[in-house]
Amino acid sequence: MVQCLPHTLDLSFAALADATRRGIIVRLGRGDASISSLAEAFQMTLTGMKKHVQVLERAGLVVTQKVGRVRTCRLGARGLAAEAEWIEAHRALFEARFAALDDIIDEIEEGSHD
Amino acid sequence: MTEHVEEAGGPPNPTSVERRGDRELIVTRIFDAPPRTVYRAWSEAKLFQRWWVPKSAPISLVSCDIDMRTGGRYRLEFGTGGAETMAFYGIYLEVVPNQRIVWTNDEGEEGAITTVTFEDLGGRTLLTFHEIYPSPEALEEALQGSAVALPEQLQQLDGVLHDL
(Lines give C-alpha, C1' and ligand atoms only; values in the text may rest on other atoms or scores of the structure.)
Protein backbone atom coordinates (compact mmCIF):
# COMPACT_ATOMS: atom_id res chain seq x y z
CA MET A 1 0.00 0.00 0.00
CA VAL A 2 1.19 3.47 -0.80
CA GLN A 3 0.86 5.85 2.09
CA CYS A 4 0.86 9.59 1.61
CA LEU A 5 2.86 10.52 4.67
CA PRO A 6 4.77 13.80 5.00
CA HIS A 7 8.07 11.98 5.13
CA THR A 8 7.56 10.90 1.52
CA LEU A 9 9.09 14.22 0.56
CA ASP A 10 12.20 13.55 2.66
CA LEU A 11 12.44 10.13 1.08
CA SER A 12 12.31 11.54 -2.42
CA PHE A 13 15.00 14.10 -1.69
CA ALA A 14 17.20 11.36 -0.34
CA ALA A 15 16.35 9.18 -3.31
CA LEU A 16 17.29 11.90 -5.76
CA ALA A 17 20.50 12.89 -3.99
CA ASP A 18 22.27 10.14 -5.90
CA ALA A 19 23.37 10.64 -9.52
CA THR A 20 22.62 7.05 -10.55
CA ARG A 21 19.11 7.25 -9.16
CA ARG A 22 18.52 10.52 -10.99
CA GLY A 23 19.74 8.75 -14.12
CA ILE A 24 17.30 5.89 -13.51
CA ILE A 25 14.42 8.37 -13.29
CA VAL A 26 15.42 9.96 -16.58
CA ARG A 27 15.85 6.54 -18.21
CA LEU A 28 12.41 5.38 -17.03
CA GLY A 29 10.98 8.61 -18.36
CA ARG A 30 11.72 7.27 -21.81
CA GLY A 31 10.04 3.95 -21.16
CA ASP A 32 9.64 1.09 -18.72
CA ALA A 33 12.67 -1.10 -18.14
CA SER A 34 13.56 -4.31 -16.33
CA ILE A 35 15.98 -4.26 -13.40
CA SER A 36 18.47 -6.27 -15.42
CA SER A 37 18.39 -3.87 -18.38
CA LEU A 38 18.84 -0.95 -15.98
CA ALA A 39 21.78 -2.73 -14.35
CA GLU A 40 23.31 -3.18 -17.79
CA ALA A 41 22.65 0.43 -18.83
CA PHE A 42 24.28 1.77 -15.67
CA GLN A 43 27.00 -0.86 -15.67
CA MET A 44 26.32 -2.20 -12.22
CA THR A 45 25.43 -5.49 -10.59
CA LEU A 46 21.86 -6.70 -10.35
CA THR A 47 22.05 -6.46 -6.58
CA GLY A 48 23.32 -2.90 -6.72
CA MET A 49 20.56 -1.86 -9.11
CA LYS A 50 17.90 -3.57 -6.97
CA LYS A 51 18.99 -1.43 -4.02
CA HIS A 52 18.74 1.78 -6.01
CA VAL A 53 15.31 0.81 -7.30
CA GLN A 54 14.12 -0.02 -3.78
CA VAL A 55 15.12 3.45 -2.59
CA LEU A 56 13.21 5.03 -5.47
CA GLU A 57 10.24 2.74 -4.86
CA ARG A 58 10.03 3.66 -1.18
CA ALA A 59 9.96 7.31 -2.19
CA GLY A 60 7.09 6.63 -4.58
CA LEU A 61 9.16 7.72 -7.57
CA VAL A 62 9.24 4.28 -9.16
CA VAL A 63 6.74 1.44 -9.23
CA THR A 64 7.83 -2.14 -9.93
CA GLN A 65 5.87 -5.17 -11.02
CA LYS A 66 7.04 -8.73 -11.30
CA VAL A 67 5.85 -10.69 -14.30
CA GLY A 68 7.27 -14.18 -14.41
CA ARG A 69 10.95 -13.84 -13.59
CA VAL A 70 11.27 -10.27 -14.80
CA ARG A 71 10.73 -7.26 -12.56
CA THR A 72 9.72 -4.24 -14.61
CA CYS A 73 10.15 -0.66 -13.37
CA ARG A 74 8.20 2.38 -14.38
CA LEU A 75 7.93 5.93 -13.10
CA GLY A 76 5.65 6.45 -10.15
CA ALA A 77 2.77 8.89 -10.23
CA ARG A 78 5.01 11.60 -8.86
CA GLY A 79 6.17 13.01 -12.16
CA LEU A 80 7.24 16.27 -10.52
CA ALA A 81 10.64 14.80 -9.90
CA ALA A 82 11.28 14.65 -13.62
CA GLU A 83 10.27 18.27 -14.01
CA ALA A 84 12.58 19.43 -11.24
CA GLU A 85 15.40 17.45 -12.82
CA TRP A 86 14.76 19.00 -16.18
CA ILE A 87 14.72 22.53 -14.80
CA GLU A 88 17.96 21.87 -12.92
CA ALA A 89 19.61 20.35 -15.99
CA HIS A 90 18.70 23.44 -17.99
CA ARG A 91 19.89 25.77 -15.27
CA ALA A 92 23.27 24.05 -15.08
CA LEU A 93 23.59 24.05 -18.85
CA PHE A 94 22.69 27.69 -19.33
CA GLU A 95 24.82 28.88 -16.40
CA ALA A 96 27.85 27.18 -17.94
CA ARG A 97 27.01 28.49 -21.40
CA PHE A 98 26.50 32.04 -20.23
CA ALA A 99 29.70 32.07 -18.18
CA ALA A 100 31.57 31.24 -21.40
CA LEU A 101 29.52 33.86 -23.25
CA ASP A 102 30.58 36.46 -20.64
CA ASP A 103 34.21 35.81 -21.60
CA ILE A 104 33.53 36.18 -25.32
CA ILE A 105 31.59 39.37 -24.69
CA ASP A 106 34.51 40.80 -22.71
CA GLU A 107 36.78 39.95 -25.61
CA ILE A 108 34.55 41.69 -28.14
CA GLU A 109 34.17 44.75 -25.93
CA GLU A 110 37.92 45.04 -25.42
CA GLY A 111 38.57 44.64 -29.14
CA SER A 112 36.04 47.33 -30.03
CA HIS A 113 37.76 50.08 -28.04
CA ASP A 114 39.84 52.40 -30.19
CA MET B 1 27.91 58.85 -16.36
CA THR B 2 30.43 56.09 -16.88
CA GLU B 3 30.16 52.95 -14.89
CA HIS B 4 32.65 50.19 -15.06
CA VAL B 5 31.73 46.81 -13.72
CA GLU B 6 34.67 45.10 -12.07
CA GLU B 7 35.68 42.47 -14.55
CA ALA B 8 37.68 40.13 -12.39
CA GLY B 9 36.43 38.20 -9.42
CA GLY B 10 32.75 39.16 -9.34
CA PRO B 11 30.17 36.39 -9.34
CA PRO B 12 28.38 35.81 -12.66
CA ASN B 13 24.94 37.32 -13.10
CA PRO B 14 22.20 34.89 -12.02
CA THR B 15 20.43 32.70 -14.59
CA SER B 16 16.73 32.10 -14.10
CA VAL B 17 14.97 29.03 -15.52
CA GLU B 18 11.22 28.74 -15.42
CA ARG B 19 8.55 26.50 -16.85
CA ARG B 20 5.45 28.46 -17.79
CA GLY B 21 2.20 26.58 -18.29
CA ASP B 22 2.49 23.21 -19.93
CA ARG B 23 4.29 24.18 -23.15
CA GLU B 24 6.94 26.82 -22.38
CA LEU B 25 10.46 27.12 -21.02
CA ILE B 26 11.94 30.54 -20.24
CA VAL B 27 15.57 31.31 -19.36
CA THR B 28 16.64 34.87 -18.52
CA ARG B 29 20.02 36.42 -17.79
CA ILE B 30 21.55 39.91 -17.76
CA PHE B 31 24.85 40.56 -19.55
CA ASP B 32 27.16 43.47 -18.82
CA ALA B 33 27.40 44.59 -22.44
CA PRO B 34 25.06 46.21 -24.95
CA PRO B 35 22.75 44.08 -27.16
CA ARG B 36 24.91 44.50 -30.28
CA THR B 37 27.77 42.70 -28.53
CA VAL B 38 25.63 39.86 -27.17
CA TYR B 39 23.92 39.51 -30.55
CA ARG B 40 27.28 39.31 -32.27
CA ALA B 41 28.43 36.47 -30.00
CA TRP B 42 25.18 34.69 -30.88
CA SER B 43 25.12 35.30 -34.62
CA GLU B 44 28.75 34.72 -35.69
CA ALA B 45 29.46 31.02 -36.01
CA LYS B 46 33.09 31.33 -34.90
CA LEU B 47 32.06 33.03 -31.67
CA PHE B 48 28.91 30.98 -31.07
CA GLN B 49 30.87 27.77 -31.37
CA ARG B 50 33.05 28.81 -28.45
CA TRP B 51 30.34 29.09 -25.83
CA TRP B 52 27.23 27.10 -26.80
CA VAL B 53 28.61 23.80 -25.52
CA PRO B 54 30.02 23.99 -21.98
CA LYS B 55 33.52 22.60 -21.60
CA SER B 56 32.21 20.28 -18.89
CA ALA B 57 29.71 18.67 -21.27
CA PRO B 58 30.47 15.18 -22.59
CA ILE B 59 29.87 16.41 -26.14
CA SER B 60 31.58 18.89 -28.43
CA LEU B 61 30.39 21.08 -31.24
CA VAL B 62 32.31 19.82 -34.25
CA SER B 63 30.73 22.02 -36.88
CA CYS B 64 28.50 25.03 -36.86
CA ASP B 65 26.85 26.63 -39.87
CA ILE B 66 24.80 29.73 -39.22
CA ASP B 67 23.06 31.75 -41.92
CA MET B 68 21.64 34.38 -39.60
CA ARG B 69 18.87 36.04 -41.58
CA THR B 70 15.12 35.55 -41.80
CA GLY B 71 14.59 32.33 -43.78
CA GLY B 72 18.25 31.29 -43.35
CA ARG B 73 19.24 27.87 -42.03
CA TYR B 74 21.49 26.63 -39.27
CA ARG B 75 23.06 23.28 -38.65
CA LEU B 76 25.04 22.27 -35.57
CA GLU B 77 26.87 18.96 -35.49
CA PHE B 78 27.87 17.48 -32.19
CA GLY B 79 30.40 14.78 -31.48
CA THR B 80 29.88 12.39 -28.57
CA GLY B 81 33.37 10.94 -28.53
CA GLY B 82 33.04 8.34 -31.30
CA ALA B 83 33.29 8.78 -35.04
CA GLU B 84 29.64 9.57 -35.50
CA THR B 85 28.15 13.01 -35.12
CA MET B 86 24.60 14.13 -34.65
CA ALA B 87 22.97 17.17 -36.05
CA PHE B 88 20.60 19.82 -34.75
CA TYR B 89 19.14 22.03 -37.43
CA GLY B 90 16.34 24.36 -38.38
CA ILE B 91 15.34 27.63 -39.99
CA TYR B 92 15.49 31.20 -38.72
CA LEU B 93 11.87 32.34 -38.82
CA GLU B 94 12.77 35.88 -37.88
CA VAL B 95 16.02 37.77 -37.42
CA VAL B 96 16.08 41.38 -36.23
CA PRO B 97 19.76 42.19 -35.64
CA ASN B 98 20.60 43.18 -32.05
CA GLN B 99 17.00 42.56 -30.96
CA ARG B 100 15.48 39.21 -31.74
CA ILE B 101 16.14 35.76 -33.24
CA VAL B 102 13.42 33.12 -33.76
CA TRP B 103 14.23 29.63 -35.01
CA THR B 104 12.75 26.19 -35.46
CA ASN B 105 14.21 22.97 -34.06
CA ASP B 106 13.61 20.47 -36.82
CA GLU B 107 15.68 17.48 -35.74
CA GLY B 108 12.82 15.93 -33.80
CA GLU B 109 9.21 15.29 -34.68
CA GLU B 110 7.65 17.88 -32.39
CA GLY B 111 10.39 20.45 -32.09
CA ALA B 112 10.07 23.65 -30.10
CA ILE B 113 10.13 27.15 -31.54
CA THR B 114 12.91 29.10 -29.85
CA THR B 115 12.95 32.90 -29.47
CA VAL B 116 15.87 34.87 -28.09
CA THR B 117 15.43 38.56 -27.38
CA PHE B 118 18.10 41.11 -26.45
CA GLU B 119 16.65 44.00 -24.49
CA ASP B 120 18.75 47.14 -24.00
CA LEU B 121 19.04 48.13 -20.34
CA GLY B 122 21.22 51.16 -21.01
CA GLY B 123 24.48 49.46 -21.88
CA ARG B 124 23.55 46.13 -20.37
CA THR B 125 21.40 43.44 -21.97
CA LEU B 126 18.47 41.44 -20.64
CA LEU B 127 18.55 38.20 -22.60
CA THR B 128 15.41 36.05 -22.70
CA PHE B 129 15.56 32.54 -24.17
CA HIS B 130 12.07 31.23 -24.73
CA GLU B 131 11.01 27.83 -26.04
CA ILE B 132 7.46 26.88 -26.87
CA TYR B 133 6.57 23.29 -27.64
CA PRO B 134 3.79 22.41 -30.08
CA SER B 135 1.91 20.40 -27.45
CA PRO B 136 2.02 19.63 -23.73
CA GLU B 137 3.02 16.09 -24.74
CA ALA B 138 6.05 17.39 -26.62
CA LEU B 139 7.18 19.36 -23.57
CA GLU B 140 6.51 16.31 -21.42
CA GLU B 141 8.78 14.31 -23.68
CA ALA B 142 11.48 16.95 -23.42
CA LEU B 143 11.03 16.89 -19.64
CA GLN B 144 11.88 13.23 -19.51
CA GLY B 145 15.36 13.67 -20.86
CA SER B 146 17.07 16.86 -21.78
CA ALA B 147 18.70 16.31 -25.16
CA VAL B 148 21.28 18.94 -24.43
CA ALA B 149 22.36 17.53 -21.11
CA LEU B 150 22.28 13.80 -21.56
CA PRO B 151 24.67 11.96 -23.86
CA GLU B 152 22.53 8.84 -23.78
CA GLN B 153 19.64 10.81 -25.12
CA LEU B 154 21.90 12.25 -27.79
CA GLN B 155 22.89 8.81 -28.92
CA GLN B 156 19.29 7.71 -29.05
CA LEU B 157 18.37 10.75 -31.10
CA ASP B 158 21.34 10.02 -33.31
CA GLY B 159 19.77 6.68 -34.16
CA VAL B 160 16.46 8.33 -34.96
CA LEU B 161 18.15 10.86 -37.21
CA HIS B 162 19.93 8.15 -39.13
CA ASP B 163 16.58 6.56 -39.94
CA LEU B 164 15.13 9.71 -41.44
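This dialogue covers a helix packing and some salt bridges in a predicted model.

Biologist: How are two packed helices described?

Modeller: By the angle between their axes and the distance between the axes. Take helix α2 (residues 19-29) and helix α4 (residues 46-58), both of chain A. Their axes come within 10 Å and cross at roughly 75°.

Biologist: How do α2(A) and α4(A) lie to each other?

Modeller: Angles of 65 to 115 degrees count as roughly perpendicular. α2(A) and α4(A) are therefore roughly perpendicular to each other.

Biologist: Which residues of α2(A) and α4(A) meet?

Modeller: From α2(A), look at A:Thr20, A:Arg21, A:Ile24 and A:Ile25. They meet A:Met49, A:His52, A:Val55 and A:Leu56 of α4(A). The residues of this contact divide into five nonpolar, two polar and one charged.

Biologist: Now salt bridges. What is the general idea?

Modeller: Side chains of opposite charge can pair when their charged atoms come close. Over all chains, the structure holds eight salt bridges. One of them pairs A:Asp102 with B:Arg29, at 2.8 Å from N to O.

Biologist: Where do A:Asp102 and B:Arg29 lie?

Modeller: A:Asp102 sits in helix α5 (residues 80-112) of chain A, and B:Arg29 in strand β2 (residues 24-31) of chain B, so the pair joins two chains.

Biologist: Are A:Asp102 and B:Arg29 buried or exposed?

Modeller: A:Asp102 is buried, and B:Arg29 is buried too.

Biologist: Which residue forms a salt bridge with B:Arg69?

Modeller: B:Asp67 does, with the closest N and O atoms 2.8 Å apart. B:Arg69 is partly exposed, at 49% relative accessible area. B:Asp67 is partly exposed, at 29%.

Biologist: And which residue meets B:Glu77 in a salt bridge?

Modeller: B:Arg75, at 3.1 Å from N to O. B:Arg75 is partly exposed, with a relative accessible area of 36%.

Conventions: Residues are numbered from 1 along each chain as its sequence is written. Chains are lettered from A and ligands numbered from 1 in the order in which they are written. This is a predicted model: local features need pLDDT of at least 70, side-chain atom pairs count only at pLDDT 80 or more; totals for chains, interfaces and linings use all residues. Side-chain values use heavy atoms; hydrogens and water are left out. Axes are lines fitted to C-alpha atoms, for helices over the stretch in contact, and angles run from 0 to 180 degrees between N-to-C directions. Helices (H or I, at least four residues) and strands (E, at least two) are DSSP runs, numbered from the N terminus. Angles under 35 degrees count as roughly parallel, over 145 as roughly antiparallel, 65 to 115 as roughly perpendicular and the rest as oblique. Contact means heavy atoms within 4.5 Å. Ala, Val, Leu, Ile, Met, Phe, Trp, Tyr, Cys and Pro count as nonpolar, Asp, Glu, Lys and Arg as charged, and the others, Gly among them, as polar. A salt bridge is a side-chain nitrogen of Lys or Arg within 4 Å of a carboxyl oxygen of Asp or Glu. Buried means under 20% relative accessible area, exposed over 50%, partly exposed in between (1.4 Å probe, protein chains only).
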